Amino acid sequence: MRIITKPIKTNVITGFLGVGKTTLIKQLLAQKPAGERWAVLVNEFGQVGIDAGLLDSPQQHTELLIKQVPGGCMCCAAGLPTKVAINQIIQQLNPDRLLIEPTGLGHPKEILRTLQNEYFKPILSLGSVLTLIDARKLADSRYTQHDIYIEQAKVADVIIASKSHLCTLEQIDILPQWLADIECATTLVVDSADYYQINNQGHVESTEKFARLMNMLDTPSRFIAAAPASRILSTRHGVNSLPLTPDSLFKTADDVIPSELDELDWKGQVYQQFSDKQGQFYSLGWIFAPQVSFGFDRLMVWVEQLRTLNVVRFKAVVITYDGILGINYIDGELQLSEIDDTLDSRMELIGDTQLDAAKLEQDLLACMGGH
């Protein structure tokens, strides 16, 4: 491990479900200065963990490290999985920059407090917090009056109007007024169309102004001055050790530690199912063993039925007979991509009502095998 000679530049990129956080991070990674080491820490609401696969890159383990904390636990008060994951990133890569993507259903203030505690404050240099907002949602009170949606805006140093290529000018114009209504102190609001564009094939193209967004990352976050460093419970011994809270010593057998999902013991099984609940949202997911392949056409039929269910979000990285497929479904929009490499197949649904797990799983299993 390299010796830490200066604090690691750190940015939190937040926003509600499906707002485009992963797309922005992929663009930032594409603009990474040559020779710099970057790390991405991704937190997902469910237990499966898929975004790391969607951020697939050949630079993994050389100049780029992607680590995930599944289970929606990054923003909890204790934050132990986050502390462990950050410590592992420092040991494995000691990056020049760390990008943190909390779950779209998380309270970002908690992760910001963790980054500013007396252990991490000397190690991490907190730059601008970026919050992405889809202006098309600002006419829907389910979003604009949602506590988490409001909090994500209020912690931002920079608000990015995402998916603006899909918005009308009237929808974009609502954003400044809504920010004023919730008494958001953020003064810098940028339009994603000014920084990157999406062409007819769904690929993102950077503009010359994208360099300005990169420069914004290094501006110190106003959260540093707004919140004093929180204290931890035990004496700091060094970068390679982390304090443990009393609650972390008593875990039930059902608790999932992040590393467990990367090293599943299959014991003859071909898949494992995971489920979770947070507020009014439910998640249902599966991880399939590496030897399992899916028929593309049958899988697409299964995916299409999600349009008729109460599915808010669906993400997947799937081994098919035609290659490795990335799937991203949000608000009725389906995006497919080709992934270079994966260890296994992972799928996850998020719904605002409880899903029929047995029926969904039965139909999904029928997509296995064959062409």
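Predicted model: local features only at pLDDT ≥ 70, side-chain atom pairs only at ≥ 80, totals over all residues.

**Entry 1, ring pairs.** With that criterion I find that ring pairs link Phe 16, Tyr 143, Tyr 149 and Trp 178 into a cluster. The structure holds 8 aromatic pairs. I looked up the pair of Trp 302 and Phe 314, whose ring centres are 5.6 Å apart with the planes at 65°, so I record the pair as edge-to-face, given that planes over 60 degrees apart count as such. Trp 302 belongs to helix H11 (residues 296-304) and Phe 314 to strand S13 (residues 311-320), so this pair ties together parts that are 12 residues apart in sequence. Both Trp 302 and Phe 314 are buried.

I then looked at Lys 277, and its charged end sits over the ring of Tyr 282, at 5.3 Å from the ring centre.

How many cavities of 30 Å³ or more does a search of the whole structure find? The search returns 1 cavity, and for the largest cavity I noted a volume of about 70 Å³. Its lining includes Phe 16, Tyr 143 and Tyr 149, which I had already listed as members of the ring cluster, and also Asp 134, Arg 136, Lys 137, Lys 163 and Asp 331. Sorted by class, the lining comprises 6 nonpolar, 1 polar and 5 charged residues.

Tyr 149 brought me to helix H6 (residues 147-154), where Ile 148, Tyr 149, Glu 151, Gln 152 and Ala 153 are buried. Against what do the buried residues of H6 pack? I find strand S1 (8-15), helix H4 (108-115), strand S6 (130-134), helix H5 (141-144), strand S7 (158-162) and helix H7 (169-181) as their partners.

Leaving aside its neighbours within four places in sequence, I find Leu 364 in contact with Trp 286, Phe 288, Phe 294, Leu 299, Trp 302 and Met 347. One of these, Trp 302, is the residue whose ring I had paired with Phe 314. For Leu 299 I wrote down the separation as well: Leu 364 and Leu 299 are 65 residues apart in sequence, yet 7.3 Å apart in space from C-alpha to C-alpha.

Technical notes
Residues numbered from 1 in each chain as written. Heavy atoms only, no water. 1 Å grid on protein atoms, 1.4 Å probe; cavity = no way out; pocket = protein on both sides within 12 Å on 5 of 7 lines; lining within 4 Å. Points joined across faces, edges and corners; volume = space filled by probe spheres on them. Nonpolar A, V, L, I, M, F, W, Y, C, P; charged D, E, K, R; others polar. Phe/Tyr/Trp six-rings, centres within 6.5 Å; stacked < 30°, edge-to-face > 60°. Helix = DSSP H or I, 4+ residues; strand = E, 2+ residues; numbered from the N terminus. Buried < 20%, exposed > 50% of the residue type's maximum accessible area, 1.4 Å probe, protein only. Lys NZ or Arg CZ within 6 Å of the ring centre and 35° of its normal. Contact = heavy atoms within 4.5 Å.
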